[in-house]
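Subject: Handing over the structure

Dear colleague,

Please find below the structure that I am passing on to you. My notes on what was found in it follow directly after.

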Amino acid sequence: MNREVKEQILSKIKEYGRIYIFRHMRPDGDCLGGSKGLKAIIKESFPEKEVYIIDNQSSEYLAFLGEDDGEVPDEAYADSLAIVVDTSDMDRISNQKFKLCKEVIKIDHHIDHTPYGDISWVEDWRSSLCEMIVDFYDTFSDELKLNREAALYLYTGMVTDSGRFRYSGVSGMTMRLAGLLLDKGIDTETLYANLYLDDWDNYKFKAYLYETMERTENGVAYLYIDRATQEKYNLSFENASASVSSMDGIKGCICWLAFIENPSGDGSIRVRLRSRFMAVNTLAEQYNGGGHANASGATVYSREEMNELIGKADAMVKEYKENNEGWL
Ligand code: AMP
C-alpha cells in the first residue's frame, strides 16, 4: 500500500548523510517510540549516517525508553533531512528547528487537515504511527534492518496508541506487524511493568477520582482536576492528565472527558476527550483542538466554557443514542 511514497522516503533517507527526526509536543508512547524506532532502523541499516532526535520535551512514564540527543547549533540543521512523525499540524512540532532543514518528510496517522512537507505519507486509518514505521521496514525488509531495541520502541507505540490493541483502528495488519516485532524477542513482562505499574500516591488519587467523577443525564462521564488537587496528591501534570482513562469502562457512558487545569497559572484547562462508538473530534475542533474520532484533545479557558463543552457533549450523546443501536 502506498509503495510509491514509501520508495520516495527510502530514497531520501539514502540520499542524506544527516537526518533529524521530529515529533509533537507532549510526546506520547507512539511518537516517542516511533521517532526512536525509526532512528534505530536507520542507524542499524545505514551505520554511516548521522541521525538525531533533538527535543527538550520528554515523558516521565516513558523515561525507560531512554534520553534523546543533545542540542546542536542551528548551522548543524543545514543540508539535512527532517522527518516529522505523528504530528498533523506543523505548529505542534516540539522543535521548530525543522524549518532549518533542507527537506521535510511528514509521516503521520492523523487526519490530514493541514498538509505540509516535501513528501507526505499519511494514513489516518492506521492504529498508530509505529504501525506505519513497522510497515515501512516490512516493505523494504531486504534492505532495512530492525533490531530488538527498535522492536521495543515500536511495540511500545503500537501497544499504547491502540489501547493494548483494543481500539477500532486495529486491523489484521496491525497484529501481523506487531507479531513481526514480537518475533525479535521483546521482554514484554518488563515492558508492561514499565508501562502499567503505578505508585501508591496514584492509587490513592484514583480512589479520589472514582469518588468525584460526575455523569450527565445522557451519559457523559467527566472530571475536573484543579491545581490544588494536583498538589494535594503530589501529581505531575502528566499523571493528572492520565486520569481520563479511569472513566473508560463505565457502561452507558460512551463519551468521557477529563478537564485538567494547566500549570501555566492562566486558568486555562486541558481537555482530553474520549469516546466509543460515536466520534468526538468535531467537538474538540470547536474548542481549539482536534484529534481522532475516539480520542481528541482541546483547551478551554474558563469553568463556564468547560460546562458549555460538557453540555454539547451531552447533546451529542443524546442524539447518537436516539439514532443508533448497539452501543454499550
Ligand atoms: P490527548 O488527549 O491530548 O492525548 O489528545 C488525543 C489525541 O488528539 C492525540 O492523538 C493528539 O495528537 C490529538 N490532539 C490533542 N490536542 C490537539 C490539538 N490541539 N489539535 C489537534 N490534535 C490534537
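The ligand is surrounded by 13 residues, and His110, Arg270, Arg272, Arg274 and Gly290 are the closest of them, where a residue counts as near a molecule if one of its heavy atoms lies within 4 Å of it. Please bear in mind that this is a predicted model, in which local features need pLDDT of at least 70 and side-chain atom pairs count only at pLDDT 80 or more, while totals for chains, interfaces and linings use all residues. Residues are numbered from 1 along each chain as its sequence is written, and side-chain values use heavy atoms, with hydrogens and water left out.

The side chain of Arg270 brings an N or O atom to 2.8 Å from an oxygen atom of the ligand, the side chain of Arg272 likewise has an N or O atom 2.8 Å from a ligand oxygen, and a polar side-chain atom of His110 lies 3.2 Å from an oxygen atom of the ligand. Of the 470 Å² of accessible area that the ligand has on its own, the protein covers 80%, areas being computed by the Shrake-Rupley method with a 1.4 Å probe, and for residues only the protein chains shown count as cover. Strand 9 (269–275), strand 10 (290–291) and strand 11 (295–300) each contribute at least two residues to the shell around the ligand; helices (H or I, at least four residues) and strands (E, at least two) are DSSP runs, numbered from the N terminus.

Ala293 is placed in the loop between strand 10 and strand 11. With a relative accessible area of 37%, Ala293 is partly exposed, because that term covers values between buried (under 20%) and exposed (over 50%), with a 1.4 Å probe and protein chains only. Ala293 and Val280 are 13 residues apart in sequence, yet their C-alpha atoms are 5.5 Å apart in space. Not counting residues up to four places away in sequence, Ala293 touches Ser275, Met278, Ala279, Val280 and Asn281, contact meaning heavy atoms within 4.5 Å.

The largest nonpolar core has 49 residues, and those with the most contacts inside it are Ile13, Ile83, Ile107 and Leu181. Apart from it lies another core, of 22 residues, among them Cys255, Leu257, Val280 and Tyr320. A nonpolar core is here a set of buried Ala, Val, Leu, Ile, Met, Phe, Trp, Tyr and Cys residues joined through side-chain atoms within 4.5 Å.

Two polar residues in loops are also buried. Ser128, in the loop between strand 5 (119–122) and helix 3 (129–139), has a relative accessible area of 0% and is therefore buried, and a polar atom of the Ser128 side chain lies 3.0 Å from the backbone nitrogen of Glu131. Asn218, in the loop between strand 6 (214–215) and strand 7 (220–225), counts as buried at 18% relative accessibility. The side chains of Asn218 and Asp314 are joined by a polar contact of 2.9 Å, a term for a pair of N or O atoms within 3.5 Å, of which, within protein, one must be able to donate a hydrogen and the other to accept it, with residues adjacent in sequence counting only if both atoms are side-chain atoms.

Finally, some backbone angles: Phe277, in the loop between strand 9 and helix 10 (281–285), has a positive phi of about 70° although it is not a glycine, and phi of Asp79 is near 60°, also a positive value in a residue other than glycine.

With best wishes
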